[in-house]
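The entries follow in the order in which I made them.

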Amino acid sequence: DPYADDPVRHPALKINSQRPFNAEPPLELLTENYITPNPIFFTRNHLPVPNLDPDTYRLYVVGPPGGQSLSLSLDDLYQFPKHEVTVTLQCAGNRRSEMTQFKEVSGLGWNAGAISTARWAGARLCDVLAQAGHQLSETEAHVCFEGLDSDPTGTAYGASIPLARAMDPEAEVLLAYEMNGQPLPRDHGFPVRVVVPGVVGARHVKWLGKVSVEPEESYSHWQRRDYKGFSPSVDWDTVDFDSAPSIQELPVQSAITQPKDGETIESGEVTVKGYAWSGGGRAVVRVDVSLDGGLTWQVAELDGEEQRPRKAWAWRLWQLQAPVPPGKTELNIVCKAVDDSYNVQPDTVAPIWNLRGVLSNAWHRVHVHIAP
Ligand code: MTE
Ligand code: MO
């Protein structure tokens, strides 16, 4: 069993698949803290978790012609200026189960918990690439990452991001060795992972073994044959993966974490809580909440840290306290967020449904009963 050496996990996690391990925190725990505690941070593994020795670990950085390839130990990485940033990581498949309810899709049945936030620290990728002699000369180039996890044929997890993002110090792309002040947990990429603020989780390559600059995107399955969006009309017989761009920045997203769907709540007052986030560093400027399925709306209060313009890498938590309208026996609670480009979430799944069940960001809906 290649998974026999996987780490022990927190019992509160809701498991979507055991081998490889995929799990999300229960929603009521997810928004208890602005920073997600490491043991309940959602986990998305495609392969067994490698068991890497920090003393012999090396990160191989391929240099350009005339430059210098680097083989960096952890100590070498610590010599680069340490950069810290709070980043929300979301899987492209977050909230996939809502797409499945509309029409079947292929993929893990994530609820709304395939998203978490941590304070990451490490070397900036731009500093490491510069040391190897890379420059932002080629505009069509990509930085390819390879993990040290692999399948039985020896194929490693891989992904890429555009060189322009990698070389931009303001984009704050990290080779992270700390998560919330601790060494990375094994499930989250020990000893080193990529953190790409504002970009889909799939590009945050864990157990990082190799970095190279290439004229083309990574040839990895997960870059080319997965994590892309398609029209609702496209099915597995007609899909042409080369026709769609790989997902990088994610669209605006929000979800309700309290109360739970199907719960019975007291009459009087209701407290609605949740999270909101947008990709590409776009800030969340507003969250609207409805108690009547979207007929009327109230503006939620935004909690958590203030966001920096164009560098809003982390989510906002939000809440709304509101009187329960008298005489009601049930509520259809809905939330939707607006980002600083005034992007909004679609009201239903139907127009954004796609065969892989990614980019699921319709209004989030929770149905509750009122105690008599
Ligand atoms: N990196 C490697 N090496 N192997 C993986 O399976 N999964 C990716 C990404 N990086 C993956 C990886 C995906 S799809 C996501 S959503 C994030 O890691 C999840 O990061 P987390 O498990 O720390 O939450
Ligand atoms: Mo993912």
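Which residues lie nearest the centre of the largest pocket, and how many residues line it? I worked from a predicted model. I found 25 lining residues, with Glu98, Asn111, Asp261, His364 and Arg365 nearest the centre of the pocket.

I then noted the volume of the largest pocket, which is about 480 Å³. I looked up which elements give two or more residues to its lining and listed helix H1 (27-30), helix H3 (96-102), strand S14 (253-258) and strand S22 (364-370). H3 supplies the largest share, four residues. Sorted by class, I recorded 11 nonpolar, eight charged and six polar residues in this lining.

Next I turned to ligand 1. I located ligand 1 in the largest cavity. Strand S3 (43-44) and strand S8 (142-150) are the elements that contribute two or more residues to the shell around ligand 1. I counted 20 surrounding residues, the closest being Phe42, Asp149, His188, Arg193 and Lys206.

I checked the polar atoms of ligand 1 in turn. One oxygen atom of the ligand is 2.7 Å from a side-chain N or O atom of histidine 46. For arginine 44, I noted a polar backbone atom 2.9 Å from an oxygen atom of ligand 1. At histidine 204, a backbone N or O atom lies 3.0 Å from a nitrogen atom of the ligand. Finally, I recorded that ligand 1 has 530 Å² of accessible area on its own, of which the protein covers 100%.

Methods:
Residues numbered from 1 in each chain as written. Chains lettered and ligands numbered in written order. Predicted model: local features only at pLDDT ≥ 70, side-chain atom pairs only at ≥ 80, totals over all residues. Heavy atoms only, no water. Near = heavy atom within 4 Å. Polar contact = N/O pair within 3.5 Å; in protein donor to acceptor, adjacent residues only side chain to side chain. Areas by Shrake-Rupley, 256 points an atom, 1.4 Å probe, with all protein chains shown as cover. 1 Å grid on protein atoms, 1.4 Å probe; cavity = no way out; pocket = protein on both sides within 12 Å on 5 of 7 lines; lining within 4 Å. Sits in = over half its atoms within 2 Å of the grid points. Points joined across faces, edges and corners; volume = space filled by probe spheres on them. Nonpolar A, V, L, I, M, F, W, Y, C, P; charged D, E, K, R; others polar.
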